[in-house]
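Subject: Structure handover

Hello,

Here is the structure for you to look over. My notes come after it.

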Amino acid sequence: MHNTRNVSERISWIGVNDRITPLFEAMWPMPNGIAYNSYLINDEKTALLDTVKLGSTPDFVETVEELLGGKELDYLIINHVELDHAGEIKSIVKRWPSVKIVANAMAQKMIKNYFDITENQMEVQEGDTLSLGHHELTFVFAPWVHWPEVMMTYDRTEKVLFSADAFGSFGTLDGGLFDDELNFDYYHDDMRRYYANIVGKFSKFVQKAFAKLAGIEIKIICPLHGMIWRTDPQKVIGLYDKWSRHEGDNAVVVMYASMYGNTAILADAVARELNAAGVKDIRVYDVSKTHVSFLLSEIWRCKGVVLGSCAYYGGLHPMMEHLTTEMETIGVKNKILGFFGSYTWSGGGVRGLKLFGEKSGCEVLPQTLDVHGTPFGDKMQPLKELAEAMASRVNG
Ligand code: FEO
């Protein structure tokens, strides 16, 4: 049985639930899998919007064929060329050699470089329209959400936005397809983690895309990953707006690297002091145990981030180095940072964190603590000051 559903009378979803691939982009864990969504509009003219990851399903072409019911495929609209969506372009062109590939100039170049396809191209510009008969499509460029060639396709007839990666999520679509058929609570964390890992770096471009879409009536959002939003599209728009503004909850996450438990003791102690100072939403993570993908998602969720590192050969512990490098790479912003650590010889953990803080562009609390040896007695006193300063900034 093919994995298809009607989005409306003339729009079909063709989906693949990938529960096999362990890491997205060979980097981000997908314990709950991921869905690749492709869409077919069956009008006087027919159009397929994006495909799926190559090899993720054995019968993609056959499914499109069945939905077409004997008609030709007139257009293949490519909103995004990343290979989790463009993987079946070649097989579609092979089956329907006269299909017109609708894409912008940058996407066309990528299609040439990936698939050596240059024939039957229909280049579109920002705001161009395409009539399928009943459906009138408009192309809205959304560069860097999440690659430079990305565009969205807006169906003015049914007010449907085919949004590419935007408004997507990790997680397979188990049983349901639409927002009113699924338990959003199950997807919420995976959606924020997808945002933080994949889209977050390009948050300012997400805001630019929002500006372009302002004033457009959107009844249904059809992303390339995750659920289709037909009942409450404003909910996912609101979440993406918040995340792309780097707005955190009144919460603090404490993340530490510790070799023999001294920095871990400080992490628990700072969490207790934060709680005593009035912060209720606190999470503590050992960065050597939890994958950076989940750490970044938690950082995205919280206003306050307290990092602790033992010294390691005069610098940061390598796992904390990894986290801070990733924070820099994806451009974490608008956080309040606090630092602590411990050392045996000449320090380095807190020094490394301060160097990171200077480059981060975030507000860094001046109260820090670098414990020589094991934390006990008065050595831990500065943690209280750090926690109180963080609590007043987060709750203030
Ligand atoms: Fe889902 Fe940027 O690919």
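Predicted model: local features only at pLDDT ≥ 70, side-chain atom pairs only at ≥ 80, totals over all residues.

Residues are numbered from 1 along each chain as its sequence is written, and side-chain values use heavy atoms, with hydrogens and water left out.

Pocket and cavity

Both terms rest on a 1 Å grid over the protein atoms alone. A cavity is a set of points where a 1.4 Å probe fits but cannot get out; a pocket is an open set with protein on both sides within 12 Å along at least five of seven lines. Lining residues have an atom within 4 Å of a point. Points are joined across faces, edges and corners, and a volume is the space filled by probe spheres set on them.

The largest pocket holds about 300 Å³ of space. Its lining has 18 residues. Met 259, Cys 310, Ala 311, Tyr 343 and Thr 344 lie nearest the centre. Helix H8 (262-276) and strands E17 (302-312) and E19 (336-343) each supply at least two lining residues (helices are DSSP runs of H or I, at least four residues; strands are runs of E, at least two; both are numbered from the N terminus). E17 gives the largest share, three residues. The pocket lining splits into eight nonpolar, ten polar and no charged residues. Here Ala, Val, Leu, Ile, Met, Phe, Trp, Tyr, Cys and Pro count as nonpolar, Asp, Glu, Lys and Arg as charged, and the others, Gly among them, as polar.

There is one cavity of 30 Å³ or more. The lining consists of Val 145, Met 152, Ala 166, Phe 167, Val 206, Ala 209, Phe 210 and Leu 213. Helix H6 (residues 203-213) provides the largest share, four residues. The cavity lining is eight nonpolar, no polar and no charged.

Salt bridges

The count is 17 salt bridges (a side-chain nitrogen of Lys or Arg within 4 Å of a carboxyl oxygen of Asp or Glu). Glu 181 pairs with Arg 230, with the closest N and O atoms 3.7 Å apart. This pair links distant parts of the chain, 49 residues apart. Glu 181 sits in the loop between strand E13 (160-162) and helix H5 (184-199). Arg 230 sits in the loop between strand E14 (220-222) and helix H7 (233-244).

Asp 190 and Arg 193 also form a salt bridge, at 3.0 Å, N to O. Both lie in helix H5, three residues apart, about one turn. Asp 190 is buried at 6% relative accessibility, and Arg 193 is buried at 2% (buried is under 20% relative accessible area, exposed over 50%, partly exposed in between; 1.4 Å probe, protein chains only).

Helix H11

H11 (residues 349-360) has twelve residues. From first C-alpha to last it reaches 16 Å, close to the 16 Å expected at 1.5 Å a residue (1.5 Å times one less than the number of residues). Its buried residues are Gly 349, Val 350, Gly 352, Leu 353, Phe 356, Gly 357 and Ser 360. They lie on the same side of H11 because they cover an arc of only 155° around the axis (taken from the directions from the axis to the C-beta atoms). The face turned away from that buried side carries exposed Glu 358 and Lys 359.

Best wishes
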